[in-house]
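Look at the sequence and the structure before reading the points below.

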Amino acid sequence: WQAILDDASSKNWNPPPETTAAIQEVLRLGYKDCFYLSENHINGSADEDLHVEGMAEDSKNPGATCWVIKPLLRIDYAFLSKGYENARVRQYQRVMDDSSDHFPVVIDLALPALDQSASETDSTGMSDETE
């Protein structure tokens, strides 16, 4: 973040906002930013078993996602929606690849096992049991 502020200052620009009204609304609606839930952020280091080639070492801050000579803003996010409070974000990765104008964001989720009653229903959501 300091690099972003320093760059804006060197150009006599006003500092950019740390967040946007759109992101604040998403958070207000109960969605959670996966970066801040990620184990690599919480633990301060990445899990090498989940390593994606070209990943950035983002553990303190999520990092910029726009692909330009000097990427300055995070504009790509991964959010966890309500109902997934028990999911673990094992790793959040920003992949430094120039094949797009954005750096891809990759998350590894560990989802809790389904309970037994959910596994006893067919694809329509109906139980296998007959009356």
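**Charged side chains and their partners**

Glutamate 25 counts as partly exposed because its relative accessibility is 35%; partly exposed lies between buried (under 20% relative accessible area) and exposed (over 50%), computed with a 1.4 Å probe on protein chains only. This is a predicted model, in which local features need pLDDT of at least 70 and side-chain atom pairs count only at pLDDT 80 or more, while totals for chains, interfaces and linings use all residues. Residues are numbered from 1 along each chain as its sequence is written, and side-chain values use heavy atoms, with hydrogens and water left out.

**Salt bridge within a helix**

- The structure holds five salt bridges, a salt bridge being a side-chain nitrogen of Lys or Arg within 4 Å of a carboxyl oxygen of Asp or Glu.
- One of them joins the side chains of glutamate 25 and arginine 28, at 2.7 Å from N to O.
- Both residues of this pair lie in helix 2 (residues 21-28), three residues apart, which is about one turn of the helix. Helices (H or I, at least four residues) and strands (E, at least two) are DSSP runs, numbered from the N terminus.
- Arginine 28 is exposed because its relative accessible area is 58%.

- The side chains of arginine 88 and glutamate 39 form a salt bridge of 2.6 Å, N to O.
- This pair links distant parts of the chain, 49 residues apart: arginine 88 is in strand 3 (residues 88-94) and glutamate 39 is in helix 4.
- Arginine 88 is partly exposed, with a relative accessible area of 42%, and glutamate 39 is also partly exposed, at 25% relative accessibility.
- Another salt bridge, 3.4 Å from N to O, brings together the side chains of arginine 90 and aspartate 47.
- Arginine 90 lies in strand 3 and aspartate 47 in the loop between helix 4 and strand 2, so the pair ties together parts that are 43 residues apart in sequence.
- Arginine 90 counts as partly exposed at 29% relative accessibility, as does aspartate 47 at 26%.

**A buried arginine**

- Is arginine 74 buried or exposed? Arginine 74 counts as buried because its relative accessibility is 16%.
- Arginine 74 sits in the loop between helix 4 (39-43) and strand 2 (79-80).
- Beyond its neighbours within four places in sequence, arginine 74 is in contact with residues including Asp33, Phe35, Tyr36 and Tyr92, where contact means heavy atoms within 4.5 Å.
- The side chains of arginine 74 and aspartate 33 are joined by a polar contact of 2.8 Å. A polar contact is a pair of N or O atoms within 3.5 Å; within protein, one must be able to donate a hydrogen and the other to accept it, and residues adjacent in sequence count only if both atoms are side-chain atoms.
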